[in-house]
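Here is a short briefing to read alongside the model. Have the viewer open as you go through the points.

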Amino acid sequence: MVEMICAGFGGQGVLTTGLIIAHSAMMLGKEITWYPSYGSEMRGGTANCTIKINDGPIASPYSKHPDIVCALNAPAIDKFEANIKPNGYLFVNASLVEDDRKYRDDINVVKVPMSEVAMQYENPKGANLVLLGAVAAHTGLFTIEELDEQVTEYFAKKGKINPKNSECLHAGAKL
């Protein structure tokens, strides 16, 4: 079983990131849970979601020790870093977190300038997609092609077709 937490401020696409991951896993025939948590002010308040992916049934959506944490801001690191399993992954939005920050030495820290890359592709709301590309490249949970298909489908259902989403996803995979 893979346990993952995505966390950041509301409006950064934290919950959307988790939904795309969960839906992608489900389309690959996996069992999934997606459990959101956010403050009373959805945009600007803290938000996170827990995703579990397994070949068989999942007893609880709660994750005490995730394998992967995707932190889109420093408070998310403060809250979840200590709980990551040894040899797990911490994906950090290097655009918003100080470069000299110290991390646990028994986890894999992947610093991704998510916000900067999204701006380079003129897609300021695409930082979470840069993150998804990096997750695919480093963890092997999905191929970039599988995620690209799911991202396109997710936004097409909402009537938000943007080819720059795919560009952000692929840029994240190359980092």
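This is a predicted model: local features need pLDDT of at least 70, side-chain atom pairs count only at pLDDT 80 or more; totals for chains, interfaces and linings use all residues.

Residues are numbered from 1 along each chain as its sequence is written, and side-chain values use heavy atoms, with hydrogens and water left out.

**Overall fold**

- The chain has 6 helices and 6 strands, taken as DSSP runs numbered from the N terminus (helices: H or I, at least four residues; strands: E, at least two).
- Along the sequence, these elements follow the order β-α-β-β-β-α-β-β-α-α-α-α.
- With a radius of gyration of 15 Å, close to the 16 Å from the globule rule for 175 residues, the chain is as compact as a globular protein of that length; the radius is taken over C-alpha atoms, and the rule is 2.2 Å times the number of residues to the power 0.38.

**Nonpolar cores**

- The largest nonpolar core has 37 residues, of which Cys6, Ile20, Ile21, Ile51, Phe91 and Leu132 touch the most other members; such a core is a set of buried Ala, Val, Leu, Ile, Met, Phe, Trp, Tyr and Cys residues joined through side-chain atoms within 4.5 Å.
- Helix H4 (residues 127-139) gives the most to this core, with 8 residues.
- Apart from it lies another core of 13 residues, including Ile5 and Leu90.
- Leaving aside neighbours within four places in sequence, Ile20 is in contact (heavy atoms within 4.5 Å) with Leu129, Leu132, Leu147, Val151, Tyr154 and Phe155.

**Cysteines**

- The count comes to 0 disulfides, a disulfide being a pair of cysteine sulfur atoms within 2.5 Å.
- Cys6 is buried at 0% relative accessible area, and its sulfur is 4.2 Å from the closest cysteine sulfur, in Cys70, which is too far for a bond.
- Cys49 is in no disulfide either, as the nearest cysteine sulfur, that of Cys6, is 4.6 Å away; Cys49 also counts as buried, at 0% relative accessibility.

**A loop residue: Ser63**

- Ser63 sits in the loop between strand E3 (46-54) and strand E4 (68-71), and it is buried, with a relative accessible area of 6%.
- Not counting residues up to four places away in sequence, Ser63 touches Glu3, Ile5, Thr50 and Lys52.

Terms used:
Buried means under 20% relative accessible area, exposed over 50%, partly exposed in between (1.4 Å probe, protein chains only).
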